[in-house]
Amino acid sequence: MDNLDKFIKSVAWKFPKGYPDMNDLKDKAMLFELAENFMGEIIINEAQADYDTRIRKALDLKEGEKIPTCNTPLSLGDDFNLGGEDEEIWKRLYSILPLKKDSDIPTAGAGKGEIATYWAFEYNVNRHNVTDSRKGEDPDLTIDGIGCEIKSYDTSNITLGKFAGDKANVALLNNVIALLTLFSKFDKDTEVTINSGNFKASDIIPAFDIMSMFEKNKQLRDIDVFEPLYNRIDSIYSRLELAPTATPQQGAAKLLKQILKTKLLKKPRMGKDIGYILNVSENGQGKFYLINDAIVDAIDVSNMLDGVYVSSSELGMNFNRLFK
C-alpha cells in the first residue's frame, strides 16, 4: 500500500459514503482540502525532523533519549539570557547549521544560532510551536505563527537578503539614478558608478539635490522642452509622497525607508502586522527587535541615511542606528 492509498484510507470515514466519490463535487473539494493540509504537515514535520536530528547528533543523544528541555522560560519578543545547563546546550548547538535538502552539506542560506533558537523555543518549558520557514523571502523561523529572522552578527550591520524582487522600488530607484547620470554628463569631473544593486545614501542625495533645484525653478516648468524632465520628477515625488519643499536628505531618506519597509514586510513579517529580528550570541543571549510599520515610520532622516545601504543587491542595515 503506497502513501496515497494510506492517506485515502485514513480519511475515508470523513465522507458520507465511507470513501471519496470523485463524481461528487463536495467530496472532491473536501479531498483536495484534506490532501493540501496533509502535505503541509508532511513538509513541516520533515523540517522539524531534520532539525531534531541535527540536535540529537550535536548533543550525542542515544536512541530513546529525549531532547532536553530548555528550562529558562522564554516568550516571543522578550530578550533572554540563558544560564547553567541551558547555556551549555545552547553553546553546543549555536554553530550547528541546517542541512541542504537530501544532503549532508550545511545550507549556505542559514546562519549560526538558528538551530539553537529552534531548540530553546520548541523544547522550552513554556512550549512554543516553531517551524522552519526558510523559502523565498520568508524569515528563518516561524514561532507561534510569527516570522522571526535569526541573525548572529557580532557587529551591528546585518543583511536581509536580495531586494531585486521589489520591482516597483527598483524601478523608482533606477529613475533616480537615471537623473543623476543624465546631469553628470554636463560635468566632466563627475562619474556615476552606482547602480540599483550597489549604493548608499550619499550616492543618491545628489540626485535629489538636482530634483530640488528644478522644483524651486518654476519658470523652467513652463518651457515645453523641460516637460518630460518635470514629469519624471513629479512622478518620483508623488511615489515618495514628498513635498516640493523637501530637502535632498529628506528625499533620499524617504526612498531608503520605502525600500526598507517593503523588504521588512516580507522578511520577517511575512505580510503580517508584526515580525521579529532576533540577534543572538554564542553565550546564550538573545535580543528581539519588533518590526512593524510604526517603528519603521518613526526612524528619523539622519538614522535612515546612516543606517541603510545596498551591496551586491542585498539590503543591509545598521541596527544600532535604526532600532535603538
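User: On what conventions do the values rest, and from which number are residues counted along each chain?
Analyst: This is a predicted model, in which local features need pLDDT of at least 70 and side-chain atom pairs count only at pLDDT 80 or more, while totals for chains, interfaces and linings use all residues. Side-chain values use heavy atoms, with hydrogens and water left out, and residues are numbered along each chain, as its sequence is written, from 1.

User: In what order do the strands of the six-stranded open sheet stand?
Analyst: Strands (E, at least two residues) and helices (H or I, at least four) are DSSP runs numbered from the N terminus, and two strands pair if DSSP finds at least two bridges between them. β1 and β2 (130-132) each have a single partner strand, so they stand at the edges and one side of each is left without a neighbour in the sheet. The pairing is mixed, and the order is β1-β8-β7-β4-β3-β2.

User: Which residue of β8 stands opposite asparagine 81?
Analyst: β1 and strand β8 (residues 285-291) run antiparallel and are joined by two bridges. The residue in β8 that stands opposite asparagine 81 is glutamine 285.

User: What is the strand order in the four-stranded open sheet?
Analyst: β5 and β6 (199-200) each have a single partner strand, so these two stand at the edges with one side of each lacking a neighbour in the sheet. β6 is joined to β9 by two bridges, the two strands running antiparallel, and lysine 200 has tyrosine 309 in β9 as its bridge partner. The pairing in this sheet is antiparallel, and the order is β5-β10-β9-β6.

User: Which residue of β10 is the bridge partner of isoleucine 158, and which is that of valine 308?
Analyst: Strand β5 (residues 157-162) runs antiparallel to β10, with four bridges between them; strand β9 (residues 308-311) also runs antiparallel to β10, again with four bridges. Four of the five residues of β10 (residues 314-318) are buried, so this strand is largely enclosed by the rest of the structure; buried means under 20% relative accessible area, exposed over 50%, and partly exposed in between, for a 1.4 Å probe and protein chains only. For isoleucine 158 the partner in β10 is methionine 317, and for valine 308 it is likewise methionine 317.

User: Which residue takes a positive phi in the hairpin of β9 and β10?
Analyst: Two residues lie between the strands of this hairpin. The residue with a positive phi, near 55 degrees, is serine 312.

User: Why is the pair of phenylalanine 80 and tryptophan 90 classed as it is, and what is the class?
Analyst: Rings of Phe, Tyr and Trp (its six-membered ring) pair if their centres lie within 6.5 Å; planes under 30 degrees apart count as stacked, over 60 as edge-to-face and the rest as tilted. By this rule the count comes to 13 aromatic pairs. The ring centres of phenylalanine 80 and tryptophan 90 are 5.8 Å apart and their planes are at 70 degrees, so the pair is edge-to-face.

User: Which residues form a cluster through ring pairs?
Analyst: Phenylalanine 80 lies in strand β1 (residues 80-81) and tryptophan 90 in helix α3 (residues 84-94), ten residues apart. Both of these residues are buried. The cluster linked by ring pairs consists of Phe80, Trp90, Phe121, Tyr276 and Phe288.

User: How many residues does helix α6 have?
Analyst: The expected span of a helix is 1.5 Å times one less than its number of residues. Helix α6 (residues 201-216) reaches 22 Å from its first C-alpha to its last, close to the 22 Å expected. Its buried residues include Ile204, Phe208 and Phe214. The number of residues in α6 is 16.

User: With which residues is arginine 232 in contact, leaving aside its neighbours within four places in sequence?
Analyst: Arginine 232 is found in helix α8 (residues 227-240) and is partly exposed, with a relative accessible area of 36%. Contact means heavy atoms within 4.5 Å. By that rule, its partners beyond those neighbours are Asn175, Ala178 and Leu179.

User: How many disulfides does a search of the whole structure find?
Analyst: A disulfide is a pair of cysteine sulfur atoms within 2.5 Å. Cysteine 70 is buried, with a relative accessible area of 0%, and cysteine 148 is buried, with a relative accessible area of 0%. The number of disulfides found in the whole structure is zero.
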